[in-house]
Amino acid sequence: MLHHITTPERRKVVLQNLAQLLRPGGLCLVTVWAQEQHLDMNNSKEESVCPCPTDSTEEGVGRRHFTDQDVFVDWKKDRSLYYRYYHVFLEGELDGLIRQLDNVEIVEVTYEKANWCAVFRKTC
């Protein structure tokens with residue numbers, strides 16, 4: 001859900017709130033959409049992204065092609081079309097936010113299936 005939050009300040013508050021819920025030594029896993037979709041070579045499902053068009057012809061592109069970090073993505077439900085806000089994260093952006101938090105340490109940051117994933121631990 002962090003990729004639905006509109007500003008860096010608000011994203012930091014969400015992460016701070018998550019950290020406060022942890023006991024010392026507790027772990028939190030956060031996953032966010034990556035702007036670097038091209039790193040995911042195995043996805044063939046394509047979805048429309050506004051204002052960033054899906055590029056189904058470029059070899060090596062993942063499910064979506066993002067030219068901006070703040071986008072609206074088509075979401076169809078019950079024959080209706082909605083647009084959901086997403087902030088897609090650049091490499092290093094998620095762990096940069098986590099490093100700003102007090103009393104946490106990053107355990108691991110990975111890229112998996114077009115997402116940046118970070119695990120952090122509450123230190124005290």
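This is a predicted model: local features need pLDDT of at least 70, side-chain atom pairs count only at pLDDT 80 or more; totals for chains, interfaces and linings use all residues.

Biologist: Let us begin with the aromatic rings. How many aromatic pairs does the structure hold?

Modeller: There are five aromatic pairs in the structure.

Biologist: Which parts of the chain does the pair of Trp33 and Phe66 tie together?

Modeller: Trp33 belongs to strand 1 (residues 27–33), while Phe66 sits in the loop between strand 2 (49–50) and strand 3 (70–77), so the pair links parts that are 33 residues apart in sequence. Both residues are buried. Together with Tyr86, Trp33 and Phe66 make up one aromatic cluster.

Biologist: What is the geometry of the pair formed by Trp75 and Tyr82?

Modeller: The ring centres of Trp75 and Tyr82 lie 5.6 Å apart with the planes at 45°, so this pair is tilted. Trp75 is partly exposed, at 34% relative accessibility, and Tyr82 is partly exposed at 40%.

Biologist: Turning to the surface, which residues form a nonpolar patch?

Modeller: A patch joins nonpolar side chains that lie within 5 Å. Here Phe72, Leu81 and Tyr83 form such a patch on the surface, with about 310 Å² of accessible area together. Leu81 is part of strand 4 (residues 80–87) and has a relative accessible area of 43%, which means that Leu81 is partly exposed.

Biologist: Is Asn115 buried or exposed?

Modeller: The term buried applies under 20% relative accessible area. Asn115 has 18% relative accessibility and therefore counts as buried. This residue lies in strand 6 (residues 115–122), and its side chain reaches the backbone oxygen of Lys113 at 2.8 Å. Beyond neighbours within four places in sequence, Asn115 is in contact with Val32, Trp33, Ala34 and Thr110.

Biologist: Finally, the backbone. What is the phi of Lys113?

Modeller: Lys113, a residue other than glycine, has a positive phi near 50°. Lys113 is located in the loop between strand 5 and strand 6 and is exposed, with a relative accessible area of 60%.

Biologist: Where is Asn103 found?

Modeller: Asn103 occupies the loop between helix 2 (93–99) and strand 5 (104–112). Although Asn103 is not a glycine, its phi is positive, at about 65°. Asn103 counts as partly exposed, with 41% relative accessibility.

Key
Residues are numbered from 1 along each chain as its sequence is written. Side-chain values use heavy atoms; hydrogens and water are left out. Patches are made of residues with over 30% relative accessible area and no salt bridge: like charges are joined within 9 Å, nonpolar side chains (Val, Leu, Ile, Met, Phe, Trp, Tyr) within 5 Å. Accessible areas come from the Shrake-Rupley method with a 1.4 Å probe; for residues, only the protein chains shown count as cover. A salt bridge is a side-chain nitrogen of Lys or Arg within 4 Å of a carboxyl oxygen of Asp or Glu. Helices (H or I, at least four residues) and strands (E, at least two) are DSSP runs, numbered from the N terminus. Buried means under 20% relative accessible area, exposed over 50%, partly exposed in between (1.4 Å probe, protein chains only). A polar contact is a pair of N or O atoms within 3.5 Å; within protein, one must be able to donate a hydrogen and the other to accept it, and residues adjacent in sequence count only if both atoms are side-chain atoms. Contact means heavy atoms within 4.5 Å. Rings of Phe, Tyr and Trp (its six-membered ring) pair if their centres lie within 6.5 Å; planes under 30 degrees apart count as stacked, over 60 as edge-to-face and the rest as tilted.
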